[in-house]
Amino acid sequence: MKKFLSFLRGLLTFAALAAGLVAWALAPWPVLLGLAVAFALWMLLTRSGQQAASVAGVGISTLSQRAGSSSVVVIGIAGVVAVLVAMLSMAEGYRETLARTGSDDTAMVLRGASAAEVMSTLDLASINVIEQAPGIARDADGRPLASPETVVAANLPIKGGKPDEDGSVQLRGVGDRAWQVRPQIKIVQGRKFETGKREVVVGSGAQRQFAGMEVGKQIRLGSEQWAVVGIFKSGDATDSEVWADADMVASTYRRGASRNAVIAKLSDAKQFKAFKAALAGDPRLQVDTTTTAEYFAKQSEAMTKVIRIIGIVVGSIMAIGAVFGALNTMFATVATRAREIATLRAIGFRGLPVVVAVMLETMLLALLGGLIGGALAWVIFNGYTASTIAGGVGQLTFDFRVTGQLLWSGLKWALAIGFVGGLFPALRAATLPVTSALRAL
Amino acid sequence: MKYFHLIWAELMRRKTRTALTLLSIIAAFLLFGLLDGVRESFEQAGNSANGAKRLQTGSRLSFIQQLPMSLNDRIAQVPGVKQVTYANWFGGAYQDPHNQIFSFGVADNYLDLYPEMAVSAAHRKAFAATRTGVLVGEGLMKRFNWKVGQKLPLQSTIFTSSDGTKNWSFDIVGTLAATDKKSGGWFDQMILLHWKYFDDSTPYNRGQVGWYVTEVNDVNQSDRVAKAIDAISANSDHETKTQTEAAATASWMKQMADVGLIVGSIMGAVFFTLVLLTGNTMAQAVRERTSELAVLKTIGFPDRSVLLLVLAESVLLLLLGGTIGVAMADGLGPIVNAGSNGAINVPPIRWHSWSVALMLMVGIGLLVGLLPAIRAMRLNIVDALAGR
């Protein structure tokens, strides 16, 4: 019966712990701040709180004597947090890059049921119809701000790769209106390409990824030599592209008069519905219309999800490992301090302050580990450039982004691990019969 | 082996601690199992013996550029070429354009070059006989709950069908399975349809193919054959690039992400943590047992035996935890695959991963046991018994 009761108690503690952890993971920071304030007040104002503070003070002041075993907790948790934050920052960087791309007031028109730009084709007749649709903004001369564009996946040698090693870059053939449709693109070096010449401007991301992307150099795209005349920067996914004159690209890649997509600047984001309805209602067209913001968000969805799932699975398994490590260390700590704790209890300290003190100590170690792990992830990975195939064709360059939000969730994980790792040893310290603990060596 | 009960008794001395250490070892090797499977499948993709015999010829311009059909006969005449086949992207998607499925239109002899795709004789016959027939990977069949014999509506994200829409209809006539699980389930996730039917139906194709696959007679000749194939279309408007399937897959995989690096650094972090945790526990265990070890020495155990006893204990602990962990990873893989709905594909763990894992277990066991073991070996009996 006694065994059964203690088993039941263990089970209840565990269930409460699981529920607590879920609440902890979901709670926003004001709630947690409130908790911390309440806890501090309890420590300052109540008798048992003051007792807990003094016991914890003793424990913390003797931490340096147990540096070896305490560092296990710190380093273990730092490892978990670093890995977790790094993985999530990769997903975050990828998502952010695509989320920044596109806007609500530019629309992308693709042939119906095309999953990506590169898979779509629009013939000249359709393009002419699309350009006359209502809702498109017009420039000073009254021409519609719609840019028919050719997109091909071009093979180029990778920087630092073997001589025959090619990567795939998204080569975009554009007309003069493309620059007005995307005002965020700035030429940072050299100049724009000239119409009718085999000249390209290169995005700063593509420049990092591929060999020979320097102003003044020649690169081979398709079966022709092209001169690199400029570098542009946009701060979004366009940075991974190479731009050239639409007619030259179409002739090199045998596209004729057809284009992949029309990007149109709308006079107002509110015009999108009308614009979309007009195109859908036109019997001459079979097209899908989305805002560019929506298009890029959809492109990043699957990949972001995959990276996140991997990150969380890996992080969880590591966290479990670290919890056991912390448990081990704290059990050992409690065991070596059993006499000390028993003495405290013998002279009148109650169970709760002892539990709180041991917990505080572990949480402090966990906090330290979380800070170190977050700092490591930030130092190593923030701004780390990676690339992956995106949109089915070209390499997309993106930076890892270690945001405050991620660091905060890493810290939350660390504290959760510390909590679990400290709770059971603390309970043990508080429930061990005083007499047998006093005898312990 | 004689002392096994002794080692066992040592491990059972503090059950909680042993259990906790074991659990963190299990966690680490579980992670190792999952990650190493992924790393291996990246590394091994297209690297099989069959893959080495095959050359892949695509457009030099870009992988979405197509090649003329006329190349087929000319490649077949290149000396050293045993047989040639071709395929084309179809860009199939089920229900939603974003729900894409690997689907190719293939030549009639395509399966001859891919012995690693298992198709039963009956299914193969049915495929050959049905113009609109498709062979579907087993994984896909399961994922969408399809049955052999049913109609399969697919959208193509690239090509329109004969009625001018993106909607195509096929008949599922059979299933594909990977005979060799080294492929990481790639063949279980694809659909093959007839290139001929595809070419006849779509107004956009006009007798072009995406890429050629060539089987060479002699693997050592493949470089020469590849150059000869590329020479056919040199300086034309459809220049080709021919490479072994392994090289083609490797360069494609490399573009996906720097997977090796990321996986490697994660494993590094995991093992660092693991070594630290276990090492600390071992040191603790030995410290606690100082007097017992001294008794062992007193009754005549030589120093070497004491050293080996402690080492054996830590190796045993790692072997136990590690084996359970990797076995769990083996069981967990399919669950992760199912949970991600096909987005993630953790391959089954192969003997190579197992052997690496075993080596790691023994290696880490020795590493973390070494310091405590040496300490135990050097114990001065008198001091130890006196508790100094």
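Let's start in chain B, where Arg39(B) is found in helix H2 (residues 15-44); helices (H or I, at least four residues) and strands (E, at least two) are DSSP runs, numbered from the N terminus. This is a predicted model, in which local features need pLDDT of at least 70, side-chain atom pairs count only at pLDDT 80 or more, and totals for chains, interfaces and linings use all residues. Residues are numbered from 1 along each chain as its sequence is written, chains are lettered from A and ligands numbered from 1 in the order in which they are written, and side-chain values use heavy atoms, with hydrogens and water left out.

**Arg39 of chain B**

- Arg39(B) is partly exposed, with a relative accessible area of 21%; buried means under 20%, exposed over 50%, and partly exposed in between (1.4 Å probe, protein chains only).
- Leaving aside residues up to four places away in sequence, Arg39(B) touches Val263(B) and Met267(B), where contact means heavy atoms within 4.5 Å.
- From C-alpha to C-alpha, Arg39(B) and Thr278(B) are 26 Å apart in space, and they are 239 residues apart in sequence.

**Strand E7 of chain B**

- Strand E7 (residues 133-137) of chain B is mostly covered, with 5 of its 5 residues buried.
- In a regular strand the side chains alternate between the two faces of the sheet.
- Both faces of E7(B) are covered: Gly133(B), Leu135(B) and Gly137(B) are buried on one side, and Val134(B) and Val136(B) on the other.
- E7(B) pairs in the parallel sense with strand E9 (residues 167-178) of chain B over 5 bridges; two strands pair if DSSP finds at least two bridges between them.
- The bridge partner of Val136(B) in E9(B) is Thr175(B).
- E7(B) also runs antiparallel to strand E10 (residues 190-194) of chain B, joined by 3 bridges, and here Val134(B) stands opposite Leu193(B).

**Strand E1 of chain A**

- Over in chain A, strand E1 (residues 106-111) is mostly covered, and 6 of its 6 residues are buried.
- Strand E9 (residues 261-265) of chain A runs antiparallel to E1(A), with 4 bridges joining them; Ala107(A) has Ala264(A) as its bridge partner there.
- Strand E10 (residues 287-291) of chain A is likewise antiparallel to E1(A), through 5 bridges, and Met108(A) stands opposite Thr290(A).

**Helix H11 of chain A**

- In helix H11 (residues 338-346) of chain A, the residues Ala338(A), Ile341(A), Ala342(A), Leu344(A) and Arg345(A) are buried.
- Seen down the axis of H11(A), these buried residues fall within an arc of 155 degrees, so they line one face of the helix; the arc is that of the directions from the helix axis to the C-beta atoms.
- The buried residues of H11(A) pack against helices H3 (47-61), H10, H12 (351-381), H13 and H14 (434-439) of chain A.
- After H11(A) comes Gly348(A), whose phi is positive, near 115 degrees.

**The second largest pocket**

- Of the 34 residues that line the second largest pocket, the closest to its centre are Phe14(A), Leu17(A), Leu21(A), Val420(A) and Phe424(A).
- Helices H1 (2-26), H4 (67-100), H10 (292-336) and H13 (404-431) of chain A are the elements that give two or more residues to the lining of this pocket.
- H1(A) provides the largest share of that lining, 11 residues.

Key:
1 Å grid on protein atoms, 1.4 Å probe; cavity = no way out; pocket = protein on both sides within 12 Å on 5 of 7 lines; lining within 4 Å.
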